[in-house]
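Please take a look at the sequence and the structure on the screen, and I will then walk you through some parts of them.

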Amino acid sequence: MRRDRTPVILVAVAALLLATGPFLPRWAMFLVNVSLCYGIVVLGMMLLMRTGVVSFGHGLYYCLGAYAAGTLDQVYKVSDMAVMLVAAVIATAAVSAALGLLLRKYRDIFFAMLSLAFSMILYGLLVKTSALGSSDGFNIAAAKIAGIQVAGTAGERYVRYALTVLCALGSGAFMYRYLRSHMGRLAEAIRDNELRVEYMGASVRNVIHVNYVISAVLAGIGGALAAIAVGHIDPEMAYWTTSGEFVFVGILSGTGNILAPFLGAFIFETIRSFAYEYSPNTWQMALGITMLVVIMFLPGGLWSLFTRWRKAA
Amino acid sequence: MSQILAVLIDGLIYSSWLFIIAVGLTLIYGVMKILNIAHGSLYALGAYSAASLAGYWINHGHSPMGSYGALLVAAVLVGLVAGPIIERGLLRFMYGKDEIVLVLVTYAVFLILEDLVKLVWGVDPYFIAQPYGLLGNFSVGDLTYPNYNLVLFGTAVLVGAVLAWILAKTRQGKMLLAVIHDREMSAAMGINVGRVYFLTFTAGAMLGALGGALTAPMISVQPGIGAETIVLAFAVVVIGGLGSLPGAALAAVLVGIVRAAAVHYRPELDLFSIYLVMAAVLILRPKGLFSAQEARKI
Amino acid sequence: MPVVLEAKALNKSFGAVTAAADINVAVEQDSIVGLIGSNGAGKTTFINMVTGYLKPTSGAIDFGGRDITPLSPRQITRLGICRSFQIPQLFNSLTVHDNLLVGVGIVVSGGKDWAPESRPAGTPHEAVEGMLERFGLAEYRNKPAGVLPEGVRKLLDIAMAMAVKPRILLLDEPTSGVSADEKFGLMDMVMDAVRAQKVTVLFVEHDMEIVNRYTQRVLAFYEGRIIADGAPAAVLGDAEVRKYVTGDALAAH
């Protein structure tokens, strides 16, 4: 049996990113940072897809995590990245635990639509909340990390970047272990045959609920990190098209490997930045065409290309 | 008292609009089991085409009353062109795939069409307000509304009635109901399911475009209207029960009135009152107001 | 032997259709019972009620002295009743090994919800290896369940039910879809495994040779009622059973 090199690659890439960070031009560091944020969110989408469920409303948690971070800064004047992350985790865990009680009863279209509805509720709430800037949102500045002041220092940008890399490493490592555990197998079993899982004594709804919460927390972490990296948040993060992007990257990456979401997110962000600059009116069209191509010819996502090459070799 | 009346009238106007944009979506889902996200783009295409055609008509000095015809023609053209292209050119190769995969396919089409609209019409907003004000106003008590809203209401009722009649009284309608009920069995009985799909999708596309065409005189036609509208259509269709015509009508009325009430009494809730209703309905009736029975699996 | 499963005055109707009418059965521990009857006679309805998928219109089901009538399939499985399916219900994208590992894993992670007898003796992997051997599935260990030949799928389906080490095993047409020459091999394997684990078995069958060879007791169903209950030879020779279930052709034997 071939030894799985994923953990080695994960650590190696993380180490590489940390080491080369200081030498990257600003735009590249930013691109990697934002890609990893997205990748963390899509890691959660991947878990849900492996459980046989597609959420069209993960923008809810992405936005919630970002606004948890932002509110700490704006309202409570707590400008600490570490605290922001903790707040994002708590907020998304609490909300997803509650909403999961309802969502766990649904599948397929209904799950997608209900999750979409919840994200639009948050969107609507935020757009009408003038204290949080309504549809303009507001800027945030994460000045410290675990009490250490970084704003204004030379390494300020690197600290934000490194934080994201480490979070990506951590979530990747967690998901790697989780997917190889009993819960990971159970998730796939549920995707394949829910009825049988119930008949073998496990609660399908419990597993879906747990995985939903995990994916929500990951989205929240991604959102908070994105808020810290970009320095600005707005309700658009909860709009259904943002959730659609997460689904898109999930399809693009495939569910074969925990590295896939990060790769897919990086490709997505790269194309988006360049497409946006050179041809802003065809960027969505390019996305749509790519999605069709992947659905028709690469149902396992881009990652299935790697596994095919390996098998051929 | 006058506030309640305002809520009712505003609500019914909004309901009419919701019904028109939702009915095509629920029809397509009922027959083909596809939740067509691209319906939003067809709405947008209808709005833009209507704005262009009606604008051209008026600018060339023709009778402004004819602009209504232009709106209608625009909708029909969009449906007749876009519908077949999407269904024959793409969707029919995807039948048989997972429901969610089909949703993603329509999402891809939505993305493509969103940019197509930008490429053809640019990003600046279009205005085609003449048809809206042309017919004068009507009053109820001390409330005044443009008569155009009656056109909207009338169209909604007409569309609902015609569809209901087709489904109940005509042979084609019965075939449609058969396919909705059991696709395989219908095919086994000799119904040309492929042709039913083609006709249904084209009709649904026309209805979506009609929604856009009728709305064009009331709004500024600009990028993003498709995305905004499709989520509203989803909510109405899910509340009513996927694939149910009476469900869509009832849901439209429910949502319309609730939203009007929100706008009048609690404006902060306006934007998402519709999704609150959706969540509430689903908690009480998990499959929507009118839902189909499911057969035993083992 | 003590009674381990008892159905008391079970009735089930779907509108005008009577799927079960006044079913009274007491099953002894470690026995092997065959359920026969033509399609629609009520055998599968009976299994579905015992496993909690359907609720009887009236009547009760006792398992080890406990009323299990209102419980869900999941709860009933945890108490120690597990079933296999007429059409194999597998996890098609998982390997055969993992299909079994999922079941063992559910027991191991389920804690005190499960009876102590359900827990595997060694590690989960050891338990799975044992099952692969016992059911002749070792050569398919790493194949995804979706690509297996039909007979192997049936074996895996039954092995999965055994993975949670139930006290009562319900098999729904274990040899249907299996070629004639493979049927006895399959049943031999299943019965060996059953005997090793001390399980009470009820199985639905249409093949009377299988019923004759492997059961100690036969229940014959017709239009929702049990029309015969006793030793295989007696039941299969019964006039009513010949008329409504097996057909007169078999009378020639």
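Before I name any partners, let me say that two strands pair if DSSP finds at least two bridges between them, and that helices (H or I, at least four residues) and strands (E, at least two) are DSSP runs, numbered from the N terminus. What we are looking at is a predicted model, in which local features need pLDDT of at least 70 and side-chain atom pairs count only at pLDDT 80 or more, while totals for chains, interfaces and linings use all residues. Residues are numbered from 1 along each chain as its sequence is written, chains are lettered from A and ligands numbered from 1 in the order in which they are written, and side-chain values use heavy atoms, with hydrogens and water left out.

Strand E1 of chain C, residues 3–14, pairs with strand E2 of chain C, residues 17–28, in the antiparallel sense over 8 bridges, and one of the residue pairs is Phe14(C) with its bridge partner Val17(C) in E2(C). These two strands, E1(C) and E2(C), form a hairpin with 2 residues between them, and in the turn Gly15(C) has a positive phi of about 65°. E1(C) also pairs with strand E4 of chain C, residues 58–63, again antiparallel, over 5 bridges, and here Lys8(C) stands opposite Ala60(C) in E4(C).

Which order do the 4 strands of the open sheet in chain C follow? The order is E2-E1-E4-E5, and the pairing is antiparallel. E2 and strand E5 (66–67) of chain C each have a single partner strand and stand at the edges, so one side of each is left without a neighbour in the sheet.

E9(C) pairs in the parallel sense with strand E3 of chain C, residues 32–36, over 4 bridges, and Val33(C) has Arg217(C) as its bridge partner in E9(C). E9(C) is also joined by 5 bridges to strand E10 of chain C, residues 225–230, and these two run antiparallel, with Ala220(C) standing opposite Ala228(C) in E10(C). E9(C) and E10(C) form a hairpin with 2 residues between them, and Glu223(C) in the turn has a positive phi of about 50°.

Is Thr26(B), at 1% relative accessibility, buried or exposed? Thr26(B) lies in helix H1 of chain B, residues 2–32, and counts as buried because its relative accessibility is 1%. Not counting residues up to four places away in sequence, Thr26(B) touches Val237(B), Gly241(B), Leu242(B), Gly243(B), Ser244(B) and Ala248(B).

Technical notes: Buried < 20%, exposed > 50% of the residue type's maximum accessible area, 1.4 Å probe, protein only. Contact = heavy atoms within 4.5 Å.
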